[in-house]
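Subject: Structure handover

Hello,

Here is the structure I said I would pass on. My notes on it follow below the display.

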Amino acid sequence: MNPLVALEIPWGLLLVIKVMVILAIIPAAALILGYVFLMKMMSHMQSRFGPMDPGGFHGWFQLIGDGIKFIQKEDIMPAEADRRIFALAPAIVLISTFVVYAVIPIGPRLVAEDLDVGIFFALAISSVSVIGVLMAGWASSNKYALLGALRAAGQLIAYELPLVLAVVGVVMQAGTMSLQGIVGAQASGEIFGWGGIGNPFLLTQAVGFVLFLAAAQAELTQTPFDMPVAESELVAGYQVEYTGFRFLFFQMSEYATAFALAAIAATLFLGGWHVPGVEGTAADVLGPLVLFAKIMAISFLIFWVRFTYPRFREDQLQMLAWKYLIPISLLNILATGIFKVAF
Amino acid sequence: MSMTEERQRAYIGKHLAEAQINVELHHEDMVLNIGPQHPATHGTLRVVVKLDGERVVAADPVIGYMHRGYEKIVEYRSYPQVTTLINRIDWLSSFANEVPFIHAAEQIMGIEAPPRAQYIRTVLTELSRIATFIVFLGDMGAQVGAVTPVFYAFRDREHVLNLIEAATGGRFHPNFNRIGGLKDDLPSGWITETRRVMGKVFESCDTFENLLQGNEIFHVRTKGIGIIPADIGKGYGVSGSNLRASGVDWDLRRDGAPYLAYPEVDFKVWTHPGGDSFSRYWVRLQETREAARIVLDLLDRLPAGPVMAKVPRIIKVPAGESWVRVENPLGEMGYYVISKGATGPFRVKIRSASFSNVSILPWVLKGVYVPDLITILASLYFILGDIDR
């Protein structure tokens, strides 16, 4: 039973609280990833410091300052733009990110909505953002934006299948689609009869983990799959006509989605919020911290690849997805099924 | 049914079918302007491409956005002033630009720079070659989508630019050549420092080799992309590393009229049979190393002596003509200088490498995808100042 209900908070207020919390998490997540990885890790990989002055300590204020700058900027709309769709597109992208956060558990009792089809819901909703991208590209009435948007649409089919198929192995092993259920299955699992740390699915679903990360990279339009944005070719793809707070929306949702997908990967493969030997309220306090550490570890992988790799071509991504990722994930499902029946 | 009606029906029937086919297959090609302000065009090159989906149907480079009229301006300048201007043609390897012009003027005057000056000129030319190619190696990564190499490139190039600055006083525009020699001798400690930096250049080349060639994606993005066959390349006047990447074993430093200290240097001319973007990258990578080797070799046997020949205080070049072409980092660069005995040239024709290198674009860009177009532009490696002059 939900503890907040036990405190007799009316459901309306409860809903408001949940919405406010998620609304606070999204910019916070975007800021953390943007600062730690985009500004600092990338800078150090490229033998430079990145921002050092704003805020005093290693330029921590830089991104917040950037955000304030974006809000102050003039809202420019191309004369030929489809005005309503142009304005709506960034919101749709951000909303899809927002809803994903609703099903991610960060503690035994800390989850906005524990759906029975949690993982299914999260993956379905997260691909809605492509509609926003398509709308943005189409409504901008810019050829570069249009090319970027069409690439995003083409990419959707290529990476969505391996993303879902990679998760199927986990769902089969856990026997549930609820994210809390998957965490529970990993917590109560055993490694060859030893239940000290549970059984993170990373051990049995390592192939699925790699496939999931590769497909997530494509979903996030990060290098090597950043063809929809492609700074050196399409300049910024579908974002090319956006300025000010609408551009901020795109940027924020990009990093917030990276955070959400890393959270899903941590939940599916690394045991989520579960800390061995910690139960009850203590788990509600420790759980989010542990999950956060796991998210940062996975984000590190995502961004490491992003800053190192060159970009694929669109047709090469299709080839990679259909010739390699999808067959491997199907084999992974088959192997999981055999083991599930055998043991 | 009358005859005419029958024929009419047959006519309509035939054309209706055609019309339907046309409705299904007909679609508008999209015309996309790449440039003049686009990150892949290194300045203000504009490529107008006709796209069928993402496939390029036709491409037309539009040049001239940065035309500065140097060939005309130099007619109103005295010889020492001209070097300042021609520094800015290929601004990444300015020192190498000065050499052929000075050489042409010296030929007309019938003087020759002393051996030490020739050696130092060669060393500085090779240093500009290294500086230019390191930028290329980083830029090649950036254009295929990797963000990191370009930062390494600018970091490592700085060591070389520091050397050029220490010797000449100018990072980018040295203006160091004088008719009959050089402005100054090398500063003390420069040779030791250069040897150290050449070690860094080798390291830097290894880094790029690891970072780019070590990545599968770089291979699939560059191999077989933008193939220029040797005869087509020659026909369009492509020169330098671009032509050597098509398997043509031709280098003016070795095969042209002898200039600077090159006849006394033993170096390898790298070629690659591929002719694609990868070969062009690979040839330049090897040439960067070769240039560092040439520098080390020359420093070992740098002759002593003056760096300036005896020239009159006010330089008047006697009437005459001279055509000098040399192997610059971007390719073949030539100056045709006509003098009528005044303090400035009467007419100068500049043959710059990039101008001829981009003339192949309409041919090589036909049928490629938009991302490949960017790769090809990057691998041909042109400098806008060198196209437009």
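Of the 389 residues of chain B, 51% count as buried, a residue being buried if 20 or more other C-beta atoms lie within 10 Å of its own, exposed if 12 or fewer, and partly exposed in between, with C-beta atoms placed from the backbone. This is a predicted model, in which local features need pLDDT of at least 70 and side-chain atom pairs count only at pLDDT 80 or more, while totals for chains, interfaces and linings use all residues. Residues are numbered from 1 along each chain as its sequence is written, and chains are lettered from A and ligands numbered from 1 in the order in which they are written.

Chain B

Chain B has 16 helices and eight strands; helices (H or I, at least four residues) and strands (E, at least two) are DSSP runs, numbered from the N terminus. Its C-alpha atoms fill a box of roughly 105 × 50 × 35 Å along the principal axes. Two residues are in contact if their C-beta atoms, placed from the backbone, lie within 7 Å. Among contacts in chain B between residues at least 6 apart in sequence, 71% join residues at least 24 apart.

Helix α6 of chain B covers residues 149-168, and its end C-alpha atoms are 28 Å apart, which agrees with the 28 Å that its 20 residues should span at 1.5 Å a residue. That expected span is 1.5 Å times one less than the number of residues. α6(B) bends by about 25° at Glu158(B), the bend being the angle between axes fitted to the seven residues ending there and the seven starting there. Buried residues of α6(B) include Tyr152(B), Val160(B), Leu163(B) and Ile164(B). Their cover includes α4 (94-109), α5 (115-143) and α7 (190-213) of chain B. After α6(B) comes Gly169(B), with a positive phi near 95°.

Where the chains meet

In the contact between the chains, 26 residues of chain B touch 22 residues of chain A. On the chain B side, the elements giving two or more residues are β1 (30-34), α5, α6, α8 (216-222) and α15 (370-380). α8(B) gives the most, with four residues. By class, this side has 17 nonpolar, six polar and three charged residues. Here Ala, Val, Leu, Ile, Met, Phe, Trp, Tyr, Cys and Pro count as nonpolar, Asp, Glu, Lys and Arg as charged, and the others, Gly among them, as polar.

Chain A

Chain A has 13 helices and zero strands. Buried residues make up 47% of its 343 residues. For that number of residues a compact globule would have a radius of gyration near 20 Å, and chain A agrees, with 21 Å; the radius is taken over C-alpha atoms, and the globule rule is 2.2 Å times the number of residues to the power 0.38.

Helix α2 (residues 11-45) of chain A has 35 residues and reaches 48 Å from its first C-alpha to its last, close to the expected 51 Å. α2(A) bends by about 30° at Gly34(A), and Gly34(A) is one of its buried residues. The buried residues of α2(A) pack against α3 (62-72), α4 (83-101), α11 and α12 (280-308) of chain A.

The largest nonpolar core has 209 residues; such a core is a set of buried Ala, Val, Leu, Ile, Met, Phe, Trp, Tyr and Cys residues joined through C-beta atoms within 7 Å. Its largest share, 17 residues, comes from helix α11 (residues 244-269) of chain A. Ala265(A) is among the residues with the most contacts inside this core.

Regards
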